[in-house]
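Thanks for making the time this morning.

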Amino acid sequence: MIIYDSKFGNTEKVARALAEGMKKQQVNVDCLKVDEVDTPKLDDYDLLATGGPTHAFGISKPMKDFLKKLENVNVSGKRAFAFDTKFKSRLAGSAAKGIEKRLKRLGMSIVKSHISAIVKGGEGPLEDGAEEAFEQLGADMAKSL
Ligand SMILES: Cc1cc2nc3c(=O)[nH]c(=O)nc-3n(C[C@H](O)[C@H](O)[C@H](O)COP(=O)(O)O)c2cc1C
């Protein structure tokens, strides 16, 4: 499952691109926004790719709430990957870094180090090629499942 938060739609775009890449490798994948996820159902999934926008150098509030809910589900041993959208600046911080840390703390196995898609402004757009890169990433990840 791909789980995303998105205020302006940019993280949703890369989440959907990631899902598309997996689908092209015949992997069954669902792509849902944090507030649509029925956490007990997560048990049916092998991999949780989780991503959101970087807010105040870290994780957005809706994603934080979701990660808190995840503490009540047994996801230990499942595979995980974290991603985010953020500014290019070295001082931008990264939601994905924090998400990855929390997923690891829940006993999940990180299949690939967190990756960021860059936005050119607060409301976007994404840098050219970001969606293509995430689609490729999804395909590569699906092949390694
Ligand atoms: C309240 C708020 C705080 C933000 N803080 C940061 C930040 O610390 N670092 C950063 O790189 N981007 C920051 N941004 C910009 C977000 O990275 C950008 O809005 C996001 O990547 C867009 O993704 P979305 O369209 O999925 O919401 C902030 C945006 C908002 C709305």
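Let me start with Ser 6, which lies in the loop between strand S1 (2-4) and helix H1, where helices (H or I, at least four residues) and strands (E, at least two) are DSSP runs numbered from the N terminus. Before going further, a caution: this is a predicted model, in which local features need pLDDT of at least 70 and side-chain atom pairs count only at pLDDT 80 or more, while totals for chains, interfaces and linings use all residues. Residues are numbered from 1 along each chain as its sequence is written, and side-chain values use heavy atoms, with hydrogens and water left out.

At 7% relative accessibility, Ser 6 counts as buried, a term that means under 20% relative accessible area, with exposed meaning over 50% and partly exposed in between, using a 1.4 Å probe and protein chains only. A polar atom of the Ser 6 side chain lies 3.0 Å from the backbone nitrogen of Gly 9, and a polar atom of that side chain lies 3.4 Å from the backbone nitrogen of Glu 12.

Which residues are closest to the ligand? Of the 17 that surround it, the closest are Ser 6, Thr 11, Phe 57, Thr 85 and Gly 122, where a residue is near if one of its heavy atoms lies within 4 Å. By class, this shell has seven nonpolar, eight polar and two charged residues; here Ala, Val, Leu, Ile, Met, Phe, Trp, Tyr, Cys and Pro count as nonpolar, Asp, Glu, Lys and Arg as charged, and the others, Gly among them, as polar.

Turning to individual atoms, a ligand oxygen is 3.0 Å from a polar backbone atom of Gly 9, a ligand oxygen is 2.6 Å from a polar backbone atom of Phe 57, and a ligand nitrogen is 2.7 Å from a polar backbone atom of Ala 92. Taken alone, the ligand exposes 620 Å², of which the protein buries 81%, with areas from the Shrake-Rupley method and a 1.4 Å probe.

Helix H1 (10-23), strand S3 (47-55) and strand S5 (79-86) are the elements that give two or more residues to the shell, and S3 gives the most, with three.

Finally, Asn 10 lies in helix H1 and is buried, with a relative accessible area of 8%. His 114, in strand S6 (residues 109-118), counts as partly exposed, at 26% relative accessibility.

Terms used
A polar contact is a pair of N or O atoms within 3.5 Å; within protein, one must be able to donate a hydrogen and the other to accept it, and residues adjacent in sequence count only if both atoms are side-chain atoms.
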